[in-house]
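Thanks for coming. I have one model to go through today, and I will keep to what can be read off its geometry.

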Amino acid sequence: MSTEDLGKSKFVNMLLKPAGSAMESRLRHLLQDPEKILRGADLQPGQTVLEVGSGTGFFSMAAARIIGDEGHLIAMDPLAAYVDRLNEKVEAAGLQNVRVVRRDALQARLDAASIDKVLLFGVLPLIPLRHPLTALPLNRLLPEMHRVLKPEGTLAVWMFPIAGLVPLSIRRSGLFAYLHKRNGVHNYRLCNAKS
Ligand SMILES: C[S@@+](CC[C@H](N)C(=O)[O-])C[C@H]1O[C@@H](n2cnc3c(N)ncnc32)[C@H](O)[C@@H]1O
């Protein structure tokens with residue numbers, strides 16, 4: 001079963017609802033400040049941003065405010081329950097610059113070279129396994145993110161509580177070069193970008 005099909009399962013969505021509540025809880029907001037963490041990704045007004053694994057929108061709402069009315073946030077997640085919840089929040093906040101998409105990011109189905117910034121926030125496992133059961137295997141995710149990013153675009157990765165082997169694996173992929181770490185966010189530019 002594909003990640004997208006799994007996301008349609010009523011059972012899976014029911015099981016994941018409590019996790020969704022935890023992801024947007026008051027306690028989390030006390031412990032983690034999404035705006036401060038996002039500053040580490042250097043988002044700019046007017047950018048087109050792809051957020052992979054947006055969940056219930058802990059980072060999406062702040063990201064949408066930073067990029068402003070001229071910007072465009074594509075918040076992507078395969079789970080219907082999370083997509084519905086985020087759509088509710090976007091509507092309640094009156095945000096016009098967010099498109100919530102229920103989709104597996106391994107096949108993002110976005111135009112090549114169309115994205116200024118990819119956010120991988122809280123979505124990668126500590127150890128980047130190549131096992132097919134890992135929802136976001138780096139060896140499949142990175143080429144797709146490289147494809148959708150503009151030549152001058154950047155990838156920003158934030159993981160909690162520690163980044164484990166992921167930063168090293170991204171560097172070793174040969175697709176991205178390390179720029180810097182700020183506010184816990186690892187930033188990369190494209191290697192071999194076709195301009
Ligand atoms: C731990 S949650 C983090 C959610 C959010 N980024 C946050 O920090 O609150 C991981 C999210 O990644 C999503 N995810 C898992 N596999 C995915 C895939 N193949 N494509 C896009 N999103 C995926 C899950 O559905 C889940 O919402």
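This is a predicted model: local features need pLDDT of at least 70, side-chain atom pairs count only at pLDDT 80 or more; totals for chains, interfaces and linings use all residues.

Arginine 109 has 11 C-beta neighbours inside 10 Å, so it counts as exposed. Its place is in the loop between E3 and strand E4, residues 115–121. I picked arginine 109 for its backbone: phi is near 55°, a positive value in a residue other than glycine.

That loop between E3 and E4 also holds alanine 113. Alanine 113 is not a glycine either, and its phi is positive at about 50°. With 17 other C-beta atoms within 10 Å, alanine 113 is partly exposed, because the count for a buried residue has to be 20 or more.

Now the overall picture. The chain has 8 helices and 7 strands. Of its 195 residues, 36% are buried. If you take the contacts with a separation of 6 or more, 73% of them are between residues 24 or more positions apart.

Next, the strand leading into that loop. Strand E3, residues 98–102, pairs with strand E2, residues 72–77, in the parallel sense, over 5 bridges. Within this arrangement, aspartate 77 stands opposite arginine 102 in E3. Between the two strands comes helix H6, residues 80–93, and E2, H6 and E3 make a right-handed β-α-β unit.

On to helix H5, residues 60–67. Which of its residues are buried? They are Ser60, Met61, Ala63, Ala64 and Ile67. Seen down the axis of H5, these buried residues fall within an arc of 165°, so they line one face of the helix. What do they pack against? The list is helix H4 at 34–39, strand E1 at 48–52, and then E2, H6, E3 and E4. After H5 comes glycine 68, with a positive phi near 75°.

Leaving aside neighbours within four places in sequence, alanine 63 is in contact with Leu38, Leu43, Val49, Glu51, Leu73 and Leu119. Ala63 also turns up in the largest nonpolar core, which has 49 residues. Those with the most contacts inside that core are Leu50, Ala63, Val118, Leu119 and Leu155. As background, nonpolar side chains in soluble globular proteins tend to be buried together.

To recap, the two points I would look at on screen are the loop between E3 and E4, where arginine 109 sits, and the buried face of H5. That is all I have.

Conventions: Residues are numbered from 1 along each chain as its sequence is written. A nonpolar core is a set of buried Ala, Val, Leu, Ile, Met, Phe, Trp, Tyr and Cys residues joined through C-beta atoms within 7 Å. A residue is buried if 20 or more other C-beta atoms lie within 10 Å of its own, exposed if 12 or fewer, and partly exposed in between; C-beta atoms are placed from the backbone. Two residues are in contact if their C-beta atoms, placed from the backbone, lie within 7 Å. Two strands pair if DSSP finds at least two bridges between them. Helices (H or I, at least four residues) and strands (E, at least two) are DSSP runs, numbered from the N terminus. A crossover is right-handed if, with the strands pointing away from the viewer, the path from the first strand over the helix to the second runs clockwise. The arc is that of the directions from the helix axis to the C-beta atoms.
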